[in-house]
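Here's a quick briefing to read with the model open beside you. We'll start with the whole chain and then zoom in on a sheet and some ring pairs.

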Amino acid sequence: MPWNSCQRRLKLLVIVAILPALVMIALSELVLAQAPEPAGHPFALSHSSLTDPAIETRVEALLKQMTLDEKVGQLAQYSSGAPTGPSAGNADYPNMIARGEVGSLFNLDSARAANEYQRIAVEKSRLHIPLLFGLDVIHGYRTTFPVPLALASTWDPSIVEKAARIAAQESSAASVRWVFSPMVDIARDPRWGRMVEGAGEDPYLGSVMARAYVRGYQGKSLGDKESVAACVKHFVGYGAVEGGRDYNTAEISEHTLREIYLPPFYAAIREGSASLMSSFNTLNGLPATANPFTLTQILRKEWGFPGLVVSDWTSVGELVAHGIARDKAAAAQKAIAAGVDMDMVSDSYHPHLADLVKSGQVSQARLDEAVRDVLRVKFALGLFEDPFADESREIKGALPTERVEAARLSAERSFVLLKNSVAGSRPILPLTNESGTIALIGPFVDDARNMLGPWAGRGRPEDVVTLKTALEQRVGADKIRFAKGGELQTASDTEIQKAIETAKQADVVLLALGEEADTQSGEAASRAYLNLPGRQEELLEKVAATGKPIVLLLFSGRPLTLPWAFEHVPAIVAAWFPGIQAGPALVRVLFGDVPPSGKLVVSWPRTIGQIPVYYNALNTGRPPGNTDLTHPPQDSLEKYLSRYIDEQNSPQFPFGFGLSYSSLEYSRTHVDSVKLSASDNAIHATASASVKNTGNRAVDEIVQVYIRLTGTSMEEPVRKLVGFKRISLAPGESQTVSFPLGAEAFSLWDMQNKLRVEPSHAQFWISPDSSRGLPAELEIVE
Ligand code: BGC
């Protein structure tokens, strides 16, 4: 984009450095992650009973009674309602279930429908093995929370855990005891629509969020009727697909896989995730659904995962299209041999596995192992004792208040204030009762459907309170002038003109623009242009030309590249897709009832040409350092650097960035030791800094701690997040924030792909985002 947009300097209300605290995985886990082939299940899963010996005894007893066909049946999963069964469109599920040919069904609509199928399974099938019902519950079942990218932007695992718990309660009431979540794919490319489903670009934050989801879904015990089995997905490398094109190919070195892409999976499994989904993409030349290195070597042998591995939707059958299987029988053979237990929908296992076992192409032992993985989860969920859902638990009417409030709180904390310039004597936001007449413009101001995001479980538009409704309740309809300004994809001249006239009548304009949740965000929604669709940018520029103060509310599942807006619009909020309480949450933040406190979990690119742009990059041998990149290179010193000749390297907004309504001062970071020994297993240092609220409004700040190691055997990122903490500060208040940092923070994957702490030089930054602060230093000696 044009250079003038690069030269703009954001006036930041927030200033430099602090200190947060970190929850470190204990050293025992570090050792575990290194252990080559631990026997059995090397760690007790925190919240699941998958490793309970009593369950193992029952699994073995049942397995002994099963015929080959019944075993194969447990490994087949179909989607109810979709034409996915053996005879595409005519799947005779009732009879298949009665014959023991189905292990799991998903996409059912109600407890009643599920109970009908379950009755067939437990009453008519020979061994009475219950079905396991699944669903994509991504950010809520009916109580729809903000999309996962937004939930992560709260940097608040307690919010995520609560959202997942409510989702578990509602799902289980509808007989769904298996949710295909959390999606923990690291995403560095906003062209990839599925960025919206995850926690962004950082492995540490992604791991914290992954654990929170699993805790919420699985509760204290899987056997609790209100708990559901989590399914961490998509294993692995799916977020790194070429060009951001969905389902595409990923090339990731083993080093980067272990440093960046695997940690959130490991974290979810460490937390007890009962299942895992293999991904669509090819990873380093081998489709992930047929990849023994990831599915068996890493997942089973290194991590000791005792749970169920399900393929992604038709990803077993897709091995034919990938060209590594000539037919579905070969696809089934490759997938199960690599470690996929259950075939989601592709109907490759069901017709072929028995023959493959009879001919010796699939071993009896591998088949039995896969069946054990399915039965173990069914026993742990208590399905054999209590297979039916209590239909009276399903919410039919209005949602309970405490769930609605949880949705509102999570939305409030997920908004990221990107810009808030001074207009007149003060910043535009927060609005006050004296803000005067408000023009409410844009296709999103009264749009319930889009507030739910691209994958809203059983969320209902009628549960959504829109911005228009909430604002009318807050200030009264007489203070609002409303113009939609056209649709998302189209607008007429008349609609745009009406919006301009409406803006002229107001004192301040709230402009709600963005991408369409269903078609432009989420799965199969890769975008080559990250602009505002339709005529929305024209609408924005014409409304801005009225000279009225504008607050731009951006609804999207990813960062959008809008250089004009970032230069010319005085106040901008990334609102994502906020869920059922979109309106009330926005109004409370816009009016300052609660401070904006979300921070970006992805670097926000200035232009598509910068992608991938992420904060935890390697330095290169030609880093620009302090070179001014806001103009094209003027001599060879400025030119032969790792840079663009026509754009800055830095993103529009860095990872971790988000403004508040106050101003903050971070002290210099301090570390309590100057030297640590790498060989000392209890390696430990505490980083601290003080943070002061120097403004006149209360603030909720997410204090972040980053580290850089140099002198290491492998190159380490220029910064990596190793902890964060949310603090509240009254005006004038300051707080010292401390982060105890243990082995996990200082460890890296070496040339032999072993995790270890090396003698090195460590720098620490406690800072408000990934780009600021002055480091403290520490030596890690032999
Ligand atoms: C998606 C998965 C999802 C599955 C089942 C696939 O297309 O990639 O994330 O869980 O469908 O609906």
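What follows is a short tour, grouped by topic.

Keep in mind that this is a predicted model. The chain has 782 residues, of which 62% count as buried, and its secondary structure comes to 26 helices and 29 strands. With a radius of gyration of 26 Å, close to the 28 Å from the globule rule, the chain is as compact as a globular protein of that length.

**The chain as a whole**

- Along the principal axes, the C-alpha atoms fill a box of roughly 80 × 65 × 45 Å.
- Take the contacts between residues at least 6 apart in sequence: 79% of them join residues at least 24 apart.
- The accessible surface is about 27000 Å², and carbon and sulfur atoms account for 51% of it.

**A six-stranded sheet**

- Six strands make up an open sheet with mixed pairing, in the order β11-β18-β17-β16-β14-β15.
- β11 (416-420) and β15 (480-483) are the edge strands; each has a single partner strand, so one side of each is left without a neighbour in the sheet.
- From one strand to the next, the twist averages 15 degrees.
- Helix α22 (residues 536-544) lies across β14, β16 (508-514) and β17 (550-555), and runs at about 170 degrees to β16.

- How many of the residues of β17 are buried? Six of its six are, so to speak, under cover.
- In a regular strand, side chains alternate between the two faces of the sheet.
- Here both faces are covered: I550, L552 and L554 are buried on one side, and V551, L553 and F555 are buried on the other.
- β17 runs parallel to β16, joined to it by six bridges, with L510 standing opposite V551.
- β17 also runs parallel to β18 (residues 571-574), this time with four bridges; there L552 has I572 as its bridge partner.

**Aromatic pairs**

- Searching the whole structure turns up 24 aromatic pairs.
- Y615 and F655 make a stacked pair, with 4.4 Å from centre to centre and 15 degrees between the planes.
- Y615 belongs to the loop between α24 (582-590) and α25 (636-639), and F655 to the loop between α25 and β19 (664-666), so the pair ties together parts that are 40 residues apart in sequence.
- Both Y615 and F655 are buried.
- Ring pairs also link Y615 and F655 with W155, Y204, Y706 and F724 into a cluster.

Notes:
Residues numbered from 1 in each chain as written. Predicted model: local features only at pLDDT ≥ 70, side-chain atom pairs only at ≥ 80, totals over all residues. Heavy atoms only, no water. Pairing = 2+ DSSP bridges. Helix = DSSP H or I, 4+ residues; strand = E, 2+ residues; numbered from the N terminus. Axes fitted to C-alpha atoms, helices over the stretch in contact; angles between N-to-C directions. Contact = heavy atoms within 4.5 Å. Rg over C-alpha atoms; globule rule 2.2 N^0.38 Å. Buried < 20%, exposed > 50% of the residue type's maximum accessible area, 1.4 Å probe, protein only. Areas by Shrake-Rupley, 256 points an atom, 1.4 Å probe, with all protein chains shown as cover. Phe/Tyr/Trp six-rings, centres within 6.5 Å; stacked < 30°, edge-to-face > 60°.
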